[in-house]
Each structure stands twice: as structure tokens, then as C-alpha cells.
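This briefing is meant for a reader who is meeting the structure for the first time. Please keep the sequence and the model in view while going through the points.

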Amino acid sequence: MLGDNIKKRRNELNYTQDDIIDKVKENKSDSLSFSKKQLSNWENGSAIPSVYNLCDLAKVLKTTVDSLLSGSDYDIYNEFITDFNALAGNKHDKYDLFIDFIRMGGLAYIQAMELNGDKKENREKEFKIIEDKYTKEEFNELAKLLSDLTLIAEAKSEVVDVIGELIGKLDISSDKTLKFYQDWAKSLIIAETTFVDYEKAIKEQGYISVYDPSCGVGSTALAAAHFLKNKGVNYQKELYVEVWDTDLDRIYATLIQLTLYGIPAKVIWGNSLKKEIKESFYTVMYFYGGWSFRIK
């Protein structure tokens, strides 16, 4: 059964056995990875992977060890929704809980990159305000939801608007979440029509750039990454994003999503029309790719 489950999940992701080997090698030395022959033996049932190999397979196949062993569908979306609703219960308003989730995630990402001592201290105070709303157990569950969000993004074979999808599944009043709404289908169409000459742009300047004066939850940038990935372009190296928004919660949501997918981006809290900047934030890949030097 294990071999069948490994092969089934591999086919669902349209991965060849060579793809699996390459992806494992990206994260491990050759001496710690496994061979195509070993993978074939595991899939046909003539051998069983070690616990370490099984963990590596689960990560590459964007699933869990339990799912590979049992063959049951692993729906992290349903787990997130169940945990979120349980945390809200009759005690916390769902919208308020969602906003705290977004702010907590945004602050956590920003703090990881912050070098300014005063700003770091102020954000720690903001973080503490959120923490004080919940019991220790509740706060730990809120932190787990952030971890689950990462798993959801990793489980997707394509770049998608994860937060937008979750909002639609959490049964929160639409008038309250309206400020986070973006039409994903429309964003994909815009990407298709905007980047017709993407190959020419990459050849001429080395990358594609996306500018969004009102980013919402980052749907425009995500759709660009989605389009480029489907064209075989490594968007983590050949896409640069600059987005603005006047709403800090939307800035947090955008920063979370662009960070999750490893998109090089400058996320600006401010008024794009007046060019009034309150604060600028950056994803990890912005620094990793040396974009402060690459931007022309």
C-alpha cells in the first residue's frame, strides 16, 4: 500500500521519479539522499524506505507521513478551518480572530528581518497586545494556524491566493472581509495578458517586474508568479514585485503570502498616489536575491 500511495501522490503532482530525486538533493548532500532505483523499489513494494527517507518523501510530495502510510486524503484546508472554528468557539469573534491571525503573522515575519532596535521593541509590544487577548493554550493554537498556513502553501502544486481561499471557507461575514477580497480569476487573466512578452523582458533586463499601487492581499503579484511558474520561469529569481497599500492589515496579508511563496518583494505601507511612505517591508527573497542592486 505504501508504494502505491507514493506513486499515486507523485503522479498527482506530475512529478517523475527523477524530479523526486532532484528535489531531495536540493536539500541534502548526495550521501544523504536516495537513488532512483531505491524509489522504484519503494513504489513497487520490493523494499521499504527508512523513517528518514519517508520524511523526505512526504516533504517533497507536499503531504504527510501519515497520509503516505494510510493513503487517506490529507486536507490541510479542513484541518485549518476546524482548528480555527474551535479556537473561535463562542468566546472569540471570527473576524477579530482572523485579524489577529493576520497581524500576528505579519509581525512575526517583519520581526525576523528587523534590525532597528526601537522598531523591534515597538512591534514586540504590538505582538504582546495580541497575545494578552488569549490564554496560553489559545495563543499556541493561533501560532499553530500560522504553521498550518505554511503547509497549505507547500501542499499546492501551483502559486495561489491562499488567504483569499481561506476567507471564502471560514464563514466570516462578507462585509467585514470585503477589504481582503480580490478576484483571483481576474488576477490570472491580467497576468496572462500583461506578460505576453515575458521572455523579451527577462532577456533585456534579467527579470519581470510587477507594480501594484493597491495590493489587497497580493493577488496580482501571486498571479504573476503563478503565470511565470507555469511557463517554466523561476519566479524566485526572475520576478521582482513592488506593492503598496494604505491598509496595514492588507500589507501584513500580502507580506505573509509573498514570503510563503518566496517572491522577491518590497511591500510598502503608504499612499502610492501621493508617494507617502509610512514604512517599507521586504521579503526574505528580496535580500537573498540581492534585489537592491539588481533593480534598474
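Predicted model: local features only at pLDDT ≥ 70, side-chain atom pairs only at ≥ 80, totals over all residues.

**Helix 3 and the residue after it**

- Within helix 3, which covers residues 36–44, the buried residues are Leu 39, Trp 42 and Glu 43.
- Viewed down the axis of helix 3, these buried residues fall within an arc of 95 degrees, so they line one face of the helix.
- Directly after helix 3 comes Gly 45, which takes a positive phi of about 85 degrees.

**Helix 4 and Asp 56**

- Asp 56 belongs to helix 4, which covers residues 51–60, and it has a relative accessibility of 15%; because buried means under 20%, Asp 56 counts as buried.
- Although Asp 56 and Ile 6 are 50 residues apart along the chain, their C-alpha atoms are separated by 12 Å.

**Helix 9**

- Helix 9 has 20 residues (136–155), which at 1.5 Å a residue should span 28 Å, and this agrees with the 29 Å between its end C-alpha atoms.
- The buried residues of helix 9 are Glu 138, Phe 139, Leu 142, Leu 145, Leu 146, Asp 148, Leu 149, Ile 152 and Ala 153.
- These residues cover an arc of only 160 degrees around the axis, which means that they lie on the same side of helix 9.
- Lys 136 and Glu 137, in contrast, are exposed on the other side of helix 9.
- The buried residues of helix 9 are covered by elements that include helix 6 (76–88), helix 7 (94–113), helix 8 (117–131), helix 10 (162–169) and helix 16 (248–260).

- Strand 1, made of residues 208–212, has a covered face with Ile 208, Val 210 and Asp 212, and an uncovered face with Ser 209 and Tyr 211.
- As a general point, side chains in a regular strand alternate between the two faces of the sheet.
- Strand 1 pairs with strand 2 (residues 239–245) in the parallel sense over 5 bridges, and Ser 209 stands opposite Tyr 240 in strand 2.

**Strands 3 and 4**

- Strand 3 (residues 265–271) and strand 4 (residues 276–282) run antiparallel and are joined by 6 bridges, with Asn 271 standing opposite Glu 276 in strand 4.
- The hairpin of strand 3 and strand 4 has 4 residues between the strands, and in this hairpin Lys 275 takes a positive phi near 55 degrees.

**Aromatic rings**

- The count of aromatic pairs in the model comes to 14.
- For Tyr 282 and Tyr 286, the ring centres are 4.6 Å apart and the planes stand at 40 degrees, so this pair is tilted.
- Tyr 282 is partly exposed, with a relative accessible area of 26%, whereas Tyr 286 is buried, with a relative accessible area of 8%.
- Tyr 282 and Tyr 286 both belong to one aromatic cluster, which is formed by Tyr 207, Tyr 240, Tyr 282, Tyr 286, Phe 287 and Trp 291.

Technical notes: Residues numbered from 1 in each chain as written. Heavy atoms only, no water. Phe/Tyr/Trp six-rings, centres within 6.5 Å; stacked < 30°, edge-to-face > 60°. Buried < 20%, exposed > 50% of the residue type's maximum accessible area, 1.4 Å probe, protein only. Helix = DSSP H or I, 4+ residues; strand = E, 2+ residues; numbered from the N terminus. Pairing = 2+ DSSP bridges. Expected span 1.5 Å × (residues − 1). Arc of directions from axis to C-beta. Contact = heavy atoms within 4.5 Å.
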